[in-house]
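Here are some notes to read alongside the structure, written for someone meeting it for the first time. Take them in order, and keep the 3D view open as you go.

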12 protein chains.
Amino acid sequence: MRIAVLNGPNLNLLGTREPALYGTESLADIERQLRIVAKELGVELIFSQHNGEGDMVDAIHGFRGSVDAALVNAGAYSHTSLAIRDALAGVSIPFVEVHLTNIFAREPERRRSALADAAVAIICGFGGYGYELALRGLVRMQARNDAGAQ
Amino acid sequence: MRIAVLNGPNLNLLGTREPALYGTESLADIERQLRIVAKELGVELIFSQHNGEGDMVDAIHGFRGSVDAALVNAGAYSHTSLAIRDALAGVSIPFVEVHLTNIFAREPERRRSALADAAVAIICGFGGYGYELALRGLVRMQARNDAGAQ
Amino acid sequence: MRIAVLNGPNLNLLGTREPALYGTESLADIERQLRIVAKELGVELIFSQHNGEGDMVDAIHGFRGSVDAALVNAGAYSHTSLAIRDALAGVSIPFVEVHLTNIFAREPERRRSALADAAVAIICGFGGYGYELALRGLVRMQARNDAGAQ
Amino acid sequence: MRIAVLNGPNLNLLGTREPALYGTESLADIERQLRIVAKELGVELIFSQHNGEGDMVDAIHGFRGSVDAALVNAGAYSHTSLAIRDALAGVSIPFVEVHLTNIFAREPERRRSALADAAVAIICGFGGYGYELALRGLVRMQARNDAGAQ
Amino acid sequence: MRIAVLNGPNLNLLGTREPALYGTESLADIERQLRIVAKELGVELIFSQHNGEGDMVDAIHGFRGSVDAALVNAGAYSHTSLAIRDALAGVSIPFVEVHLTNIFAREPERRRSALADAAVAIICGFGGYGYELALRGLVRMQARNDAGAQ
Amino acid sequence: MRIAVLNGPNLNLLGTREPALYGTESLADIERQLRIVAKELGVELIFSQHNGEGDMVDAIHGFRGSVDAALVNAGAYSHTSLAIRDALAGVSIPFVEVHLTNIFAREPERRRSALADAAVAIICGFGGYGYELALRGLVRMQARNDAGAQ
Amino acid sequence: MRIAVLNGPNLNLLGTREPALYGTESLADIERQLRIVAKELGVELIFSQHNGEGDMVDAIHGFRGSVDAALVNAGAYSHTSLAIRDALAGVSIPFVEVHLTNIFAREPERRRSALADAAVAIICGFGGYGYELALRGLVRMQARNDAGAQ
Amino acid sequence: MRIAVLNGPNLNLLGTREPALYGTESLADIERQLRIVAKELGVELIFSQHNGEGDMVDAIHGFRGSVDAALVNAGAYSHTSLAIRDALAGVSIPFVEVHLTNIFAREPERRRSALADAAVAIICGFGGYGYELALRGLVRMQARNDAGAQ
Amino acid sequence: MRIAVLNGPNLNLLGTREPALYGTESLADIERQLRIVAKELGVELIFSQHNGEGDMVDAIHGFRGSVDAALVNAGAYSHTSLAIRDALAGVSIPFVEVHLTNIFAREPERRRSALADAAVAIICGFGGYGYELALRGLVRMQARNDAGAQ
Amino acid sequence: MRIAVLNGPNLNLLGTREPALYGTESLADIERQLRIVAKELGVELIFSQHNGEGDMVDAIHGFRGSVDAALVNAGAYSHTSLAIRDALAGVSIPFVEVHLTNIFAREPERRRSALADAAVAIICGFGGYGYELALRGLVRMQARNDAGAQ
Amino acid sequence: MRIAVLNGPNLNLLGTREPALYGTESLADIERQLRIVAKELGVELIFSQHNGEGDMVDAIHGFRGSVDAALVNAGAYSHTSLAIRDALAGVSIPFVEVHLTNIFAREPERRRSALADAAVAIICGFGGYGYELALRGLVRMQARNDAGAQ
Amino acid sequence: MRIAVLNGPNLNLLGTREPALYGTESLADIERQLRIVAKELGVELIFSQHNGEGDMVDAIHGFRGSVDAALVNAGAYSHTSLAIRDALAGVSIPFVEVHLTNIFAREPERRRSALADAAVAIICGFGGYGYELALRGLVRMQARNDAGAQ
């Protein structure tokens, strides 16, 4: 099973960016920890980060035929990008939306997600550990679906 | 570590209630599975379900001094109950909000949570498995906080 | 055929409560008259009144397997209670919403019903006589459905 | 007692128009059945259908002095027509609003009635049978008022 | 003169609940102080606290015929409960709304009261001392009304 | 100078329609009085009343080439009819909007006029006397414009 | 009969202020013309202009006992001033609202009047001639009321 | 193949009505040009214009059984008429919505169409030439559907 | 201790202004009664009334250094005046907002206070007696603060 | 005449992306067909597709001086991108907006176009054939303008 | 060149008023510094401060004929005063709006300016130094306009 | 001191783009003039322009550690881009927002800035000269902060 982990704008700053809000763990720290879990679960990870909305759309298009599911933290684009939502719907890959902070407890414009109606699940507020929970959840879902399809 | 798992209205119907939407797993199934994970994690569970808003407030008051954290699926009250939110804030216990379905992909009146601004994290859309993810997340957070407090 | 008649908060005050608005008939008067019509129609009535939202949810859960349809006047909870709406949808019983007054001609917050999208029909403005009309309507619908199912 | 039954735009299509939504009964079927009930209740019916808003206003003006009460299904005009509302208020005839479908469970623009604040009661969701219930309700109300006036 | 003092959800936590916001005085402290004032004013107090919305409705129904006026702090239900508002209007007892904090200076969803249009007066922001002010105000109003009625 | 006086739905009921609101003067009374003023001012009147929106549009089209200005009381259509507004703009005739009642002091849906942005002036709240004021205003304006055009 | 003509902020600039919008007539021109009409109608005029909201409130208080009716062009305060509205309601003097331009055809914030619900009538869009129409309307109304009161 | 071309209020004024906005082509010019294209495409046209909403509903009812598709320019009714929308849905004829101007670049109340959710396509902003484009589009769609149905 | 009592527009009309709404007590009556209570409490009163918003701002500026707390009934300015709110915040004096009527039970535009977020408490609906309650509350608060500060 | 055809995000997925919604024709199919029509009309096409908002802005800047008109399907950016709108306005090239689906019959956030107020015309709902109609419309318009300019 | 510097309510408190928000510089400090810059630029300053809205209107009227441009910090009136906006538009003097704080980063009701649509430019967030920037900007603009007019 | 000047989409068109709105000065003209001022102030400028939102985010990330403050004209992205706002907050560099036109006097969607709550100040409406004012303001602020930090 191959799972893409797609990160959006400013996540490359993680660890140094507003640490009181986003914590001191870097995106590399998260990736390292996530690869350990992936190995435990027997899945392959494709991990990337992009600051451009179009670059994220391109990356998602590249998932078609090569990826079974995705974990998406689209950062600030989560709240407005119909293009990323359409790309995810267009390649027909189940995905879980992840946010480091509890976006539903933040400013009004961050309390909504333009991706949510296409996502299978949402996890937010666990910091970097939310990626691990999302990965476990995704693998469990896919395993169930495969079992159901036999 | 003791963790309360608080369930709201209609969750006792689980497994028979609109299975296309909520799945065929019963609340007892979820509890049984969650107790296995709790044993693995070395935590004690207090598991309950209530149909009344006031009963939920009462239950939360009972957590004070006896529970370290909570996992809350307040069902339909999630979207409107300031009283449950205030009870949770009043007893000062960190809690994770769980929903079986991805509430942010449903009808507009279910896309907001009155509890969210007091919750540390939200998990929704994983069905009963979301309880397990939330439990893992809660235990991890508490462990970190304890480590940080030493 | 068994039909539940479920009444919500403050309806026990009927006859004495704001009579200019709600009339001088008591809930017992309405029940007495309704039982006469039920006898005529050959249906059994389960008639109850509850002031608590959770109590109404409990009562609705009790309908499962024992009641064929319901007549619901949820009083003030009609305008806000997703929990009662979900309970009714959860037990899969067709129900008619009844209001003594024409709620769509009243204050803005009473002009909407949180139950309406799950109800098969709505009758409001006929005072206590609306219960009788709703009962006739429910029985007629069920008879048609039974005929159609043969 | 004379009662007008006023039908609005597109109701002449009934039976053929979107039958999944509006049923297979024609307006003539409804009228025929309603005349049987009227005979039983000893009231005279004036039954008409109009596609024009102004034609409905004209028809209502014609009720003055010749009709005791009305049953109004203004179709799509129900949601927007202040002119029909004013005509009904202007001729001072009590009327019940009837809709075939449960309009409060439909699209947002159909969830409000411009007539409601002038209507004595509303019945919706019973299909053609709602006309019969409305007629019984109207006659009962008028009988009570007459009794009260003596 | 008998005056009911009705307290809503979470007020039993007072003194320990978010003391920075609600102060360190307990509900028992407030009751004790209020009974001293009541004795001075020559009125009898019925003091209660309830976490359930339905329990509050029940309590209000019990006021009928036995209580002359009420002092109501409905806590979080103040902002949404039409059922409590209707119960108060239904038993026709003048009441003053009290809040410990200045709710009109708090979060938007706490800036409105569903009870206000039925209340004779509102006092908020004085902490527990507001109960005493409200009691004095109520007694004065009743005295005036009695004087006016002679 | 020829001036059209166009009246909308339900104005034919004037004098008998809700007299507490609209007064006891009939439309014929208003017309009679207005013809006296027209004679004094030396203008010719074309006076009509229509219940249909399309009939009003037709009437307005008829003004082209034969009428110099208009006085329009579109009744309930004033608040919603873009078609009547477009007809008036389409025939390029200056018009004054007249209402018997002060519509800006009435229900919210009557506080706006769909015609206003095409009207030169508005008079409301003077009952039938408002027609006379509007006529004087129109004639004065036209006289000025003619003087200015020389 | 004594009639106050009260003018609000910036009306002293009339004639020089944005003439394309407000015309070239000065406030003195309007007053002069209005005094001619007042003489014809046999009424006494008190004409004033104020730039301060409080000054307008003071002026209105001065009308009590000395003025029978008023003509009010509150300029920009018309759209927001509850204080002026309350002053007019407080001294219980019938008044007509006048605006030089058709405010309902202007920017959204000018399309509403805070005075309208207390005014008996509104005239707008006739420029300075609107004052004359309003005066005629006021005198007519007062004459009718006097006749009715005998 | 027979195609109805239905035109709404004020379109009979075309060519003379606000030519800066709507152009100098008359409706007869558009019809003449459209008949040439229809001949080329081998389809029969039924071309009509109506100022009344009810008349448009009547015309649409007449399409049932005699017309294969329609081209609808409902003019000002496009923005508000649920009755016309329901008539079109009721007779189950595919239709294309046409507007001379780009309505989505005009005043807010003209930026929405009440017909759009029932239309298969929309063309606006091409003036009279839009009718020709719509006709070509409709014929192409029908041809495809016929090919697909074989 | 010195306490300012600041009254806003139209309060000088009290006793004669809309007595059904505001009562028959004059502002002088209120002041007289309040001075008796002040004497009892051992505080000095500075009592004033202003119709101008700027005059109220000036008066508040004058409180700096000479007044310990204030009681503010800003009348109609309460609902809109950021300037008065800023003046009160600018001079850093704790104040209680008082209203004669229960503003939260009145028209929508009176249900909000622009001062509330800077006020320590609000009392409304007790008529003139509310001033006395507010004065007692203010003195109690200040006494506590002084005790706390020692 | 040179005409640019600019396609936005996810349109490269056409044919495989949600075919029930967007059809089975690929973007290459559309381009091929469009080039045939372009040849017939004697115009040169510049056809491109971009997933990035900035890339679309760059492409539009490149049109200046080399392109006479454009056909723009900005995909998901249509609903939010002021930057693309400004680029099109900035290079002063007339353009037609094209959408495969009838966006005005879709989800609310897709019912508005940020480009519309700068576009000369809109065609939506015809699938790939809409490009051909738009091309014919553009060429006709330009021909007329050229004829008018001579 | 003469330039007026107009300051609104509470700005006289500057330096002592909420210094964390508004800084410790007094209005006299700002004026002193600004006069130095004015001398450098060769312009004459008229500097004033007013707490009343009407006083500001009066001051603006006084600018007519004697002032070339203005710098306006209307304080709290900036957000609501149409009267000040109309006065500035009425005397036809170009003006720059200045705010000490970045009003667009503050509470919602302070994020809009009623003056903005009449202002040529806005500077906010620079504290007292913003006056100097605004003065330089104004002088530069006027110089350009004078150059352009030659 | 090093200061970045970051320009957003379409600003490369300056001078040729809608000159009536944006002026005839090119971005190179602005840069040239700004470099003269920078030399005078002794600061180093990094000047860039980007059409892509992601490119702007990348550029901002590059400022970390190498730039002391920034001047940002994000063009059309100013109104919607949370990503650019987060990038600016993420690198913790004080910045001033600049706009050529007075955006608060333009279309509603341009009257708000998504960057404003993170900006220290805003200057808009001075055309290219606003860059110079913003640079002077930034340098002054930084100088003060440096002085304060010593």
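This is a predicted model: local features need pLDDT of at least 70, side-chain atom pairs count only at pLDDT 80 or more; totals for chains, interfaces and linings use all residues.

1. Chain A contains five helices and five strands. Their order along the sequence is β-α-α-β-α-β-α-β-β-α. Chain A is as compact as a globular protein of its length, because its radius of gyration of 14 Å is close to the 15 Å that the globule rule gives for 150 residues.

2. The C-alpha trace spans about 45 × 30 × 25 Å along its principal axes. Of the 150 residues in chain A, 64% are buried. If you look at contacts in chain A with a separation of 6 or more, 77% of them come from residues 24 or more positions apart.

3. Now please turn to chain D and its helix H4, residues 82-90. How many of the nine residues of this helix are buried? Nine of the nine are, so helix H4 of chain D is largely enclosed by the rest of the structure. The buried set includes Arg85(D) and Asp86(D), along with Leu82(D), Ile84(D) and Leu88(D). Among the elements covering the buried residues of H4(D) are helix H3 (53-63), strand E3 (69-73) and strand E4 (95-99) of chain D. After the helix comes Ser92(D), with a positive phi near 55°.

4. Where is Ser113(I) placed? You will find Ser113(I) in the loop between strand E4 (95-99) and strand E5 (121-124) of chain I. Ser113(I) has a relative accessible area of 14%, so it counts as buried, the cut-off being under 20%. A polar atom of the Ser113(I) side chain lies 3.0 Å from the backbone nitrogen of Leu115(I). The backbone nitrogen of Ala116(I) is likewise 3.0 Å from a polar atom of that side chain. Setting aside neighbours within four places in sequence, Ser113(I) is in contact with Ser78(I), His79(I) and Glu97(I).

5. Gln142(K) sits in helix H5 (residues 129-149) of chain K, and at 11% relative accessibility it counts as buried. With neighbours within four places in sequence left aside, the contacts of Gln142(K) are Met1(K), Asp68(K), Ala69(K) and Pro94(K). For a sense of scale, Gln142(K) and Leu13(K) are 129 residues apart along the chain, and their C-alpha atoms are separated by 31 Å.

6. Next, see how chain L meets chain K. The contact involves 22 residues of chain L and 23 residues of chain K. Between them the two chains bury about 1900 Å², with 65% of it on carbon and sulfur atoms.

7. What kinds of pairing and residue occur where chain L touches chain K? The count of salt bridges between these chains is zero, while six residue pairs are in polar contact across the interface. On the side of chain L, strand E5 (121-124) and helix H5 (129-149) are the elements that give two or more residues. H5(L) supplies the largest share, eight residues. That side of chain L divides into 15 nonpolar, three polar and four charged residues.

8. The area buried between chain H and chain F is about 1200 Å², and carbon and sulfur atoms give 51% of it. Asn10(H), Leu13(H) and Asn51(H) supply 35% of the area that chain H buries against chain F, more than any other three residues.

9. Which side chains form the salt bridge between chain H and chain F? The partners are Arg110(H) and Asp86(F), at 2.6 Å from N to O, and the count between these chains is one salt bridge. Six residue pairs are in polar contact across this interface.

10. Finally, two pairs of chains do not touch. No contact joins chain E and chain G, and their closest C-alpha atoms lie 20 Å apart. Chain F and chain L are also without contact, with their closest C-alpha atoms 20 Å apart.

Note on methods
Residues are numbered from 1 along each chain as its sequence is written. Chains are lettered from A and ligands numbered from 1 in the order in which they are written. Side-chain values use heavy atoms; hydrogens and water are left out. Buried area is the accessible area (1.4 Å probe) that two parts lose on being put together, summed over both. A salt bridge is a side-chain nitrogen of Lys or Arg within 4 Å of a carboxyl oxygen of Asp or Glu. A polar contact is a pair of N or O atoms within 3.5 Å; within protein, one must be able to donate a hydrogen and the other to accept it, and residues adjacent in sequence count only if both atoms are side-chain atoms. Contact means heavy atoms within 4.5 Å. Helices (H or I, at least four residues) and strands (E, at least two) are DSSP runs, numbered from the N terminus. Buried means under 20% relative accessible area, exposed over 50%, partly exposed in between (1.4 Å probe, protein chains only). The radius of gyration is taken over C-alpha atoms; the globule rule is 2.2 Å times the number of residues to the power 0.38. Ala, Val, Leu, Ile, Met, Phe, Trp, Tyr, Cys and Pro count as nonpolar, Asp, Glu, Lys and Arg as charged, and the others, Gly among them, as polar.
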